[in-house]
Amino acid sequence: MAQAVVMPKLGQTVEESSIVKWHKKEGDSVKKGEILFEIETDKAVLEIESFFEGALIKVIVGEGMPVPVLSTVGFIGMPGEPIPAVPAPAAAPELVSDFRFQVPGGGARKAETQVPKAEGGEPKPAGATRRPATAPPAPAAPARLFISPRAKALAKERIVDSANIIGSGPNGRITVRDVEAYCEAGRYAALRITPAAKELAAREDLDILKMNGTGESGRIGVEDVKRAVAMKPRKMSKRRQIIARRLTESFTTTPHFYVTVSVDMTDLMAFRKQLKDAGQAYTVTDFILKAVILSLQEHRTVNSTTDGVTIRWHGPVQLGMAVALDEGLVVPVIRNAEDLTLDELRETARTLAEKARAGTLLPDEMMGSTFTVSNMGMMDVENFLAIINPGEGAILAVSSTKDQVAAVNGEVKVRAMMKMTLSVDHRIVDGSLAAVFANTVGKKLEDMALWKSLT
Amino acid sequence: MEKFDVVVIGGGPGGYPAAIRTAQRGASVALVEKESLGGTCLNCGCIPTKTLIASADLFWRIGHAADLGLAVEKAAFNYAAMAERKNSVVSKLRSGAQQLLKWHGVKVFAGAASFATRNRIAVAAPGGAEPVVLETTDTIVATGSDGVMPGFLPKRSRVVGSREFLDLTQLPASLIVLGGGVIGCEFACLAAQLGAKVTVVELLKDILIMLDTEVRRELRRHMEKTLGIRVLTGKPLEKIEAGEGGVGGMFGEEKLEAELLLCAIGRKPVSNGLKLENAGLQATEKGAIEVDEYGRTKVAGVYAVGDCTAGSTHLAHAATAQGTGVADNIVSNARRKLETLAPACIFTSPEIGSVGLTEQKAQEQGVAIEKGKFMFGGLGKAMAAGETSGFVKWIARADTGQLVGAHAVGAHATELIAEATVAIRAELTVEEFGRTIHCHPTFSESWMEAAHAMRGTRAHQPPARRKA
């Protein structure tokens, strides 16, 4: 009997997910453990393996549609087997068209020329059509290109992109004449291009009229086409799209305010070395995380968020730690961080960082952080400003510890100095509180009595 | 102090065309040469060897004239006369170069040049007199390369480099060639065609290791089977000793002996004595000068071309292209990259021509390729000429069919490679080339046939067997 494939529930807080990519199509045979599809939650993209053996006989939920978890997304069975009836999955209400990508370049241009026509000519004055405040602006409808078959064939033969051609027919339909006019306007007859460059441009669907030739007398060569290929807009990975969306959301809706402090790390570095020699190795991050946890307990407002109307203290510290990966940043969360001893904190941080690098973090492990620490100490930076994670009220950006000339008791000394910049949501944290908090963390790092008591 | 727009150091195939090009464009130019105009190429490289090879090759063909239905009594050669002819060709060309420089108004200084500063070149005067100092805006260094004679070789008249070999007036009856590179193989074939007993010893696993494998195999087979050359590879020649009557050494367990040993193990850039440091430059560990793709060194106004540059291919024509390219860039203020597609020609028997990627190189670079080959055995002209061994081979990109490499071995290969070079530089595809009409009957038709071979459309060879 056909087995229903369901949208997995990855963690307690995940209510809906969408399939980013089916790795199998209908009719493909599927082995147990093979990757069936990739799903996207609001924080991550994960590959999902098949629990069943057989053929993918039906796909119910296509790519890009968010559905509640545990909905049936397809069936695996024997080829030709009847498919049980299922109710069509209810598309999750929000998010549907939220961050659809516009076709870059040509596509967007197409939309410009056609959308006004569809809406009846003149663009309407702002406010004439009212949309619910929460609805995102309607993205330009994926523009359809109207082109006659002969014009299409001609454009292909000439290796020009019909998206760049303005159609003169009804509905902006592109005719053979339009293609010819486009070529003439671009001085197609005078164009010089090597045969191999032409072949490559055709394969890559490029427009040779839009290319810059650097060869003899402006002749377009293979190198020129290769450059154009490399310059073609490429779709960002789903993960990067999610990152982009979240960063934009935070940076455009949260008024950021920054405070930078310098911390004298000389004593702590020496103490760390001492511990290491004694067989107790801590990273600098371990100390910083601990100092932040302690400071957050003293200043509750920094561990809060606002929606603009209410302010909510989060209670226990759910500490996010940013981990840089090749394909973008992830922020695993140390749960109830204040309950952990320094040793436990070290172990948890290490485990999460390893999982992040191995790509095995579950969505739950990246959710619900209330404050984040981003340490770029190993990147040799003087100072940087971080963007607050959505859902949090502040983030601490930690820079490199460097030997610097410093005044100590009126004397010039060389000290290991580290800069930290606190970014706060200025709606809830005032400048003075931000300054106090940043210094609280700094002072704790300089307080050797504290560290001796904790280790 | 005399002032010039450009000073060229070195009058070889890199330097003197650069001086002429600069002068043609209206700049004032001085050229400094410490030996003879024409450099290694003209005086002790390309030209003299090709002159001798022409005699040797004809002698060899006369010896095999019966194959073409000719009866020749008994051919003989006079090596001293061959050497004399070579000298006269060289001196004619050398005075030609001198005349050309004069016509174009290039002022030639005889002596060794060195940098006094970035803009001042000192030319050593004979007998330790005060050097002549030239002031210049730009300088092109084209000092070339020199044969390497390693210290372990005995310093005896029985051990020679290519330069000394060319001065011989008598051919040795037996010859050991140390080094199976271009120079070693050319001399080996030359001597063998004249009847000398030749042994080539190469430390690497094959002779001419940079060439396409199939081409290499064809040449080696020919050298061994047809010319009777012993080709020993993969081990060094050790315990080399030379006496009055001969020279010998150990190749593994075997003792090799001959009248003469020719050392052709490589060439090193000439930069000693240039006092590059006075210009703010430093040569590499091997003595080469580093340049960018425009021939510029790290110091503004100082350029280098040809064999003295790092990564040089030791090809006279590449040096000429670089020299004239740099000259154009200096004089016109344009900035055009130097040509990089340099064909190689090797005057062994059979000849070899090669340009662009080999199969092995393509694999290293991760370029997916396809190849098309045509054997001279299937060519009407080759049969008519009695020169049926050899082939041409195209390498094309698998995706676009762009021609990216060409290799020829056999009669006229050094001439044949020119057409392939034009095709590759013009970025032609297999299809375009295949459609190009070629003269019949000629050897050059084989390029067209080889292009068709890639598409299964060649007419003059049996269809390729279908893959199961």
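Predicted model: local features only at pLDDT ≥ 70, side-chain atom pairs only at ≥ 80, totals over all residues.
**The interface of chains A and B**

The size of an interface is often given as the accessible area lost when the parts come together. For chain A and chain B, the buried area is about 910 Å², and carbon and sulfur atoms contribute 49% of it. Three residues, Pro195(A), Ala196(A) and Glu216(A), account for 47% of what chain A buries against chain B, more than any other three residues. In terms of contact, 13 residues of chain A face 12 residues of chain B.

Two salt bridges are found between chain A and chain B. In a salt bridge between Glu216(A) and Arg336(B), the side chains meet with an N to O distance of 3.6 Å.

On the chain A side, the elements giving two or more residues to the contact with chain B are α4 (195-203) and α5 (222-231). The largest share, six residues, belongs to α4(A). By residue class, the side of chain A that touches chain B comprises five nonpolar, two polar and six charged residues.

**Nonpolar cores**

The largest nonpolar core contains 54 residues. Helix α8 (residues 284-298) of chain A gives the most to this core, namely eight residues.

| Core | Size | Named residues |
|---|---|---|
| Largest nonpolar core | 54 residues | Most contacts inside it: Leu319(A), Ile334(A), Phe371(A), Leu445(A) |

**The surroundings of Thr370(A)**

Thr370(A) is located in the loop between α9 (342-358) and β16 (371-375) of chain A. Its relative accessible area is 3%, and Thr370(A) is therefore classed as buried, the cut-off being under 20%. The side chain of Thr370(A) forms a polar contact of 2.7 Å with the side chain of Asn303(A). When neighbours within four places in sequence are set aside, the residues in contact with Thr370(A) are Asn303(A), His314(A), Pro316(A), Val317(A), Gln318(A), Glu392(A) and Gly393(A).

Definitions and conventions
Residues numbered from 1 in each chain as written. Chains lettered and ligands numbered in written order. Heavy atoms only, no water. Contact = heavy atoms within 4.5 Å. Buried area = accessible area lost by both parts, 1.4 Å probe. Salt bridge = Lys/Arg side-chain N within 4 Å of Asp/Glu carboxyl O. Helix = DSSP H or I, 4+ residues; strand = E, 2+ residues; numbered from the N terminus. Nonpolar A, V, L, I, M, F, W, Y, C, P; charged D, E, K, R; others polar. Core = buried A, V, L, I, M, F, W, Y, C linked by side-chain atoms within 4.5 Å. Buried < 20%, exposed > 50% of the residue type's maximum accessible area, 1.4 Å probe, protein only. Polar contact = N/O pair within 3.5 Å; in protein donor to acceptor, adjacent residues only side chain to side chain.
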